[in-house]
Amino acid sequence: MKFGAYAHFIANSNGEVNTATSPSLGGSYKGTDAMGLYWSMIPEPGQRNGLRLMKKDVTTPYNVHISLLSGHIDPYSPNNSKVQVPVAETNIERLYMADNVERIPVREGALRGALFVPKGPGTFPGVMDLFGSAGGLIEHRAALLASRGFAVLALAYFAYEDLPDTFLDVDLTYFKEGAEWLSHHPSVTPGGIGVIGTSKGAEIALLMGIHFPQVIKAVVNVSGAAYHVFQAMKFGDEIVQVVDQDLTKLTECEDGLCFKNIFPKEIKEECIIKVELIEAPLLLFFGEDDPSFDAPQSAQIFSKRLHCCGHKDYEIHVYDGAGHLIEPPYAPHCKGSYHKFLGTNMAWGGDAQPHIKAEVHHWKRTLEFFRKHLSAPVFSRL
């Protein structure tokens, strides 16, 4: 899998280009952006559709090759058959995990995942990290959070090792077990933990805030709907009901399947997540161009319920031009990718420049939020 980007610059009188101050005049992006060559990458020609660049082995870096070519050309154009000899070139490593972070596989009882802990004495604020319907174990955000001073449990909950094959067999008590295990870990500062979730993982994060207030002290929702979607979930003997879905309204766009229209305009009360019952501070992010569900509608539902109950500490951000996959910034923007359980491509939405702007803001606020609301580390080397 190879991704690439290019940009056109005019060097200064010393023959230098600084991407933080020199605007790109054309290519994969335009304007002044120090990280533009990273987030504007797309799959290089000749590869299959639906590729998404997402770090799987966070213990190794990405290798980025940078070449300086003479003239403003498109190196990927089929009309550009002449081989360009670089004027200069270099390699850069992009790390997801700092040298002073340890990755520890977790196989405690039923729990499966990976714990990321800053090395050294003392304790660190604890965070549980959850992703969505793709299943498996996704670690890149946990590694990045740990590299900024948190002890983070990336928790798998289906389709990984000996866990259930499908989401329907997942019980919410599993996440309670994970939260209690993390909160009592010797590397975690006592007093409760935070939880961050994306998509279905965000729905679980909110349910944890409702049902486990004794341990969940801060909740971050990234692109999670205000109602239970797609697959039902168990909580002991109770089944968490999902909203009605009209699959005849499923549409296919250029980048994959779009689910937004399959959900009703009016949501039944029993399907809405009772966010007003969460005592912990809340931080909620949505992309206005999310094709998975009506994100502005969910933001409005949450806002009304939190306002009416007098919740004292919540933020809701709806980003214009952003899609579903609001991630830590500077990975290539992905408008659609292959979903292994659907067996086809799923559209994620968003336009590259407004989406990356949303990611930068969301990541900054997430770090500030957890630092404010979780117990400060007794000692941190980061």
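Reply: The model is predicted, so local features need pLDDT of at least 70 and side-chain atom pairs count only at pLDDT 80 or more, while totals for chains, interfaces and linings use all residues. Residues are numbered from 1 along each chain as its sequence is written, and side-chain values use heavy atoms, with hydrogens and water left out.

Me: Which strands are the edge strands of the open sheet of 8 strands?

Reply: Strands (E, at least two residues) and helices (H or I, at least four) are DSSP runs numbered from the N terminus, and two strands pair if DSSP finds at least two bridges between them. The order in this open sheet is S5-S6-S8-S7-S9-S10-S15-S16, with mixed pairing. An edge strand here pairs on one side only, and the two are S5 (101-106) and S16 (314-319).

Me: Which residue in S8 stands opposite Val127?

Reply: Strand S7 (residues 126-130) pairs with strand S8 (residues 151-156) in the parallel sense, over 4 bridges. The residue in S8 that faces Val127 is Val152.

Me: Which element gives the most to the lining of the largest pocket?

Reply: Among the 47 lining residues, the closest to the centre are Ala5, Tyr6, His65, Ile66 and Ser67. The elements that give two or more residues are S1 (3-4), H1 (36-39), S3 (62-68) and S4 (88-94). The greatest contribution, 7 residues, comes from S3.

Me: What is the volume of the largest cavity?

Reply: A cavity is a set of grid points where a 1.4 Å probe fits but cannot get out. Grid points are joined across faces, edges and corners, and a volume is the space filled by probe spheres set on the points. The lining of the largest cavity includes Asp129, Phe131 and Tyr157, and S8 gives the most to this lining, with 3 residues. The volume of the largest cavity is about 80 Å³.

Technical notes. 1 Å grid on protein atoms, 1.4 Å probe; cavity = no way out; pocket = protein on both sides within 12 Å on 5 of 7 lines; lining within 4 Å.
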